[in-house]
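Q: I have a new structure here and would like to go through it. Can you show it to me?

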Amino acid sequence: MAKCTQCGKEVSFLQRDVLTGACRQCERAGARPASLGCGTLILIAIVVGLVTNSIRNDVSAMHRDMSELEAAVERLERTSTQQLEEIRALREALEVRGTDTPQQ
Ligand SMILES: [Zn+2]
């Protein structure tokens, strides 16, 4: 059992207003939303919304960063493979030249 925030009468949870915490009688009598309850709920909703949003943004930004990083690594791997092949080709060319040209 919960107490009405207006008259203090014990009422079931379902009989209380979600925002004001007032019983039905008090609500009918025109109970204004308890500033703390209502404001706190709205604040919590805003904070939860902001946090959820920022987490969602962080996660998607992280995914973006990760795929960019993966693409960069792939490019780097390709470049380094190309360079290795280039070095191998140059070395082979040098070796061929070395045997072709007489030693001085
Ligand atoms: Zn009441």
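What follows is a short chat about this model.

A: This is a predicted model, where local features need pLDDT of at least 70, side-chain atom pairs count only at pLDDT 80 or more, and totals for chains, interfaces and linings use all residues. Residues are numbered from 1 along each chain as its sequence is written.

Q: What order do the elements of the protein chain run in?
A: From the N terminus on, they run β-β-α-α. Helices (H or I, at least four residues) and strands (E, at least two) are DSSP runs, numbered from the N terminus.

Q: Where is confidence lowest, and where highest?
A: Helix α1 (residues 24–28) is lowest, with a mean of 82, and helix α2 (residues 35–100) is highest, at 88. Those are pLDDT values, the predictor's confidence in each residue, from 0 to 100.

Q: And what is the mean pLDDT of the protein chain?
A: The mean is 84, and 88% of the residues reach 70 or more.

Q: New topic: is Ile42 buried or exposed?
A: Ile42, which lies in helix α2, is exposed because 12 other C-beta atoms are within 10 Å. Buried takes 20 or more other C-beta atoms within 10 Å, exposed 12 or fewer, and partly exposed is in between, with C-beta atoms placed from the backbone.

Q: What share of the protein chain is buried?
A: Buried residues are 7% of its 104 residues.
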